[in-house]
Amino acid sequence: MVRKMLLFVLGLVVILGLAPATQAQNVMKIGIVAPLSAPGGVETGQALVEGAKIAAEELNAGGGLLGKKVELVIGDTSGQPEKGTAVMERLVTHDKVVAVGGEAHSSVALAEIEVAHRYGIPIVISEAWADSVTAKGYPEVFRLTVCNSLIYSKAARWIKDAGFKHVAVIGENSDWGLGVIQVFKDNLSAAGIKVTSMSAERTVTDFTPQLMQLKNMQPPVDFLVDGFTGAGEILMIKQAYQLGFAPSKNTAILGAGMDTLYPGFWETAGEAGVYVLSNPAGLPGIPKTQTSDKFTKSFKAKLNREPDAVAMEGYDTVMVLAEAIKASKSTEGKGLVAALEDKVNWEGTRGTIKFNKEKTPAWAYHMWMDVPVFIIQYTKINQVPSQAAILWPEKYATVKAYIRPPK
Amino acid sequence: MLFLSQLANALVIGTLYALMALGLSLIFGVLKLVNFSHGECLMVGGYLYYVLATTLKLPLSISLALSLPVLFLFGVFLERSLLRAPYQRRMARYDEYVILVTFALGIFLQNLALPVFGPYNRQAAPLFKGSVRIGELVIAGDRLTGALVAFLVIGILLFFLYRTYLGKGLRAVAQSPGAAAIVGIKVLRMRAVAFGIGITLAGVAGALFGPIFLVNPEMGTSFAVKAFVIVVLGGMGSIKGSIVGAYILAIVESFGSILLPDPSRALAYKDAYGLLLLVLVLLFRPQGLFGEKERRA
Amino acid sequence: MKRIFPALLVLAALLFPFFFRDYWLYVGIIGLYYAILASSWSMLAGQVGLISFAHAAFAGIGAYTSALLVIHGGLSIPLAMAAGALAAAVVGLGIGALTLRMRGPYLALTTLAFSEILRIFITAEYQLTQGSIGLKVPLILDGNKLVCYYTGLALFVLTLVVLTFLIHSRVGLLLVAMREDEDGAATRGVDTVAYRLIAFVVTSAFAGLAGGYYAHVVGLVSPQMVRIGEMGLILAMSVFGGLESLLGAALGAIFLQTLTEYLRIFAEWRLAIFGALVLFTLKFAPEGILPRAYLYAERFMDRWLSRAPR
């Protein structure tokens, strides 16, 4: 027994010793963190990584960065904060990446920025929306997507202007879902609009009892916000539709999560998806930029579908980091942070990206303030988001007002 | 009116719960083991129906009918490969073995579905679309279909168990394997049949739940926990208990989540009500509503 | 030789940080967490014959209790970790008292349900626990990896010593006797429920201790910690290393943890592979795959040694 065990331990040590710890000199490593396995939002993670890969290919085709080949080191966080910490540790200490980008779950992003802050490595967040990610005020953290306060305060204002009187919000009890509830409450209650809210575990699948309850409320609920992601988001729309509650001629429904924007939405929601509202943080070709055209073309060639907001964010993330590396001519953390803060002014797929330095309100620090936000409404079954009716902002609107379903 | 709609919904969901719990109960009755992979077998049924109906584009009713024998064979295969030999050679610590092996099977199936089907939510069409309206009462077509088919399957099962020779053999083995063997019932075969039927019931429940709640690799976990609660509540191995327990759980979930004064918590704890029920049963009536009191040495 | 081996093992463990730094040291730190969980769980499943699916949940209780006491109670980290272990023990006592009266799979059923309720509770009570966002926890000495590693090693050795002592004590003897023949033990006047309860509470306490350690070396706890999948991982590790031996289970944990790092390329298939390996192990090598592997390796070595010239 003794010898057997010894053998095992020695074997283990040898295995460990073979760990690839060598560092290639002519490679520029950039870490990408994304949820690529359950329970994370895998669809989102994959879109993000696809976008990032296209960016890296483009950079390498143009000769790389500072004469080195760009290599993306992709870390799967599974949507779990602890894994996020572990993956960041690995990327920074083992793979020795110069900077990190990505992430689509706020809870994981919040764990990752701690590690980035500890090691002084810049991290550009692609798709995590909780205010606190940038509100922490860490200089290493940048964000080129919206945050809850930015997007839902706009959505709330639109709801008020469109004349809705009683808004119900059902949100998942994650940081993001609770944030959605909070922002709607804060922005609408002040304007005298009644807000009814409830939150639930992300894995809840049957909302029928609650929807029946809302349907029977006085004054009648005329706007329902679906603050779920994944299966829950689609199931709530489907169940609300089956009960004749929303979308209907009396009640509108806004799918706040990303799942209303993926191709899988129509496969599962079917006719329930027509007249549903959604709020993408970017639509391909709106506004039209050179990068947007180029990226849409490469993405379509590679994946045979229209890029979504997240893929565009993934692409922009790598490109913005590349811009910072070019501008600072080094890969040292402090220099990169300074370059991201001062020198990046780059026309990406969704407009010209530039990071804000003001700290009031707290969430605005290192945000891209001009990130485009839309409110769209599907008018036909199997419609892609960029073909849907745009209700807001006015600059890009294709219809005058909310389209009331006939039934 | 609200009360009636809620009750109707609870009864529909309860019928589907009964279907999956009966499978668990039958397996426990005959094989004297809890199938900890029951939720994952339910998921397998969900995917099977989805593949038959959507990928192979078979007519819906044929997909559903075809999934029955496939699931049965799958169950028999599992019993043969994992459970039979240890039972036959009276393996030391068989009880612990079956818990470990069925739990590990669940983990395996769930994580196999993940790379094979991807983490996406799939949906096959239900037999009937649209919804049924009786005055103010609205019941969605997929739910109604599910409940009706489940009702039918439960009926056939009960007929089979109480009115056919094979069914009586199963119940005989459940009561006393030794005595059953003496009167010439092939106990090993009965165990395989019981496991096959149990898995079929779970799988059909999955195929019916699929159109309602979407199919994904993780769908099994919450259903499995519900099935466990139901069989403990009704009494382990009791057919009547599983059916009654299923309706009780469905009603508690439906009304619990709207009657609690704090609406936020009421919905959040929806999946936990059954577990509270479980604790209460274990405290006050550990043998369950229809279970027999355990004899101890 | 019998004395030399443990000494070598301890030496190897003590010297580990001098050969492996940064990320691999981090892997070692996490590996020790799983080693404590796997060895205490295998004690319960292997020696006592009780299958609990709440081991990860007890670790979660220990982690959150310890974290909240440090954050809100201002307790020092070691004291809070002890309190976390105590909390896990108390909850274990409650569950055990509820289910151990009955034979059969009640413990397994109830603990599985309990894990789910705990996950739902932690997610729903976000004012207290920060919900799914995870609770940020102060680190041991600002996360100095060397200190973290040696803390884990000390706790691991403590677990092994206490559990080994328990197995070799009168309690352990009775537990094994009950496992083999419960009625026989009961007729000889052994209070079987009480002894089982002792074993369940003690192992739960060690799970709680491991949880507290995990919280303060990772710096973050979230409801993901008590997922059923985590429990599957602990089970896989224990089955791999062999349920009959505490050290074996611990080595199984470290082995799987290392393997995980190498299976990263097959990320999606990783857990399916583990699941298949566990089924395979249970069916063909119920004593554990590592012991079986040693056996073959030993035979090979013997043949090789006998052939080599002296």
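**Entry 1: where B meets C**

I started with the contact (heavy atoms within 4.5 Å), which takes 42 residues from chain B and 46 residues from chain C. Ground rules before going on: this is a predicted model, where local features need pLDDT of at least 70, side-chain atom pairs count only at pLDDT 80 or more, and totals for chains, interfaces and linings use all residues. Residues are numbered from 1 along each chain as its sequence is written, chains are lettered from A and ligands numbered from 1 in the order in which they are written, and side-chain values use heavy atoms, with hydrogens and water left out.

Next I looked up the buried area, meaning the accessible area (1.4 Å probe) that two parts lose on being put together, summed over both. Between chain B and chain C that comes to about 4,100 Å², and carbon and sulfur atoms give 73% of it.

How many salt bridges does the rule find across the interface of chain B and chain C? I got two, the rule being a side-chain nitrogen of Lys or Arg within 4 Å of a carboxyl oxygen of Asp or Glu. One of them pairs C:Glu244 with B:Arg93, with the closest N and O atoms 2.9 Å apart.

For polar contacts I counted eight residue pairs across the interface of chain B and chain C, both residues at pLDDT 80 or more. The cut-off here is a pair of N or O atoms within 3.5 Å; within protein, one must be able to donate a hydrogen and the other to accept it, and residues adjacent in sequence count only if both atoms are side-chain atoms.

Which helices carry the chain B side that touches chain C? Helix H3 (60–88), helix H4 (94–117), helix H9 (219–234), helix H11 (263–268) and helix H12 (273–284) of chain B each supply at least two residues. H4(B) gives the largest share, 14 residues. My helices (H or I, at least four residues) and strands (E, at least two) are DSSP runs, numbered from the N terminus.

I also sorted that side of chain B by residue type: 31 nonpolar, four polar and seven charged. Ala, Val, Leu, Ile, Met, Phe, Trp, Tyr, Cys and Pro count as nonpolar, Asp, Glu, Lys and Arg as charged, and the others, Gly among them, as polar.

**Entry 2: the five-strand sheet of chain A**

I read the order of this open sheet as S2-S1-S3-S4-S5 (chain A), with parallel pairing; two strands pair if DSSP finds at least two bridges between them. Strand S2 (69–76) and strand S5 (141–143) of chain A are at the edges with a single partner strand each, so one side of each has no neighbour in the sheet. Neighbouring strands of this sheet are turned by 25° against each other on average, direction ignored.

Strand S4 (residues 123–125) of chain A pairs with S5(A) in the parallel sense over three bridges. In that stretch I noted A:Ile125 opposite A:Arg143 in S5(A).

Helix H2 (residues 42–61) of chain A packs on the sheet and touches strand S1 (27–34), S2 and strand S3 (99–102) of chain A. The direction of H2 makes about 170° with that of S2(A); axes are lines fitted to C-alpha atoms, for helices over the stretch in contact, and angles run from 0 to 180 degrees between N-to-C directions.

I found a cis peptide bond joining A:Ala246 and A:Pro247, omega about -5°. A:Asn382 has a positive phi of about 60° although it is not a glycine.
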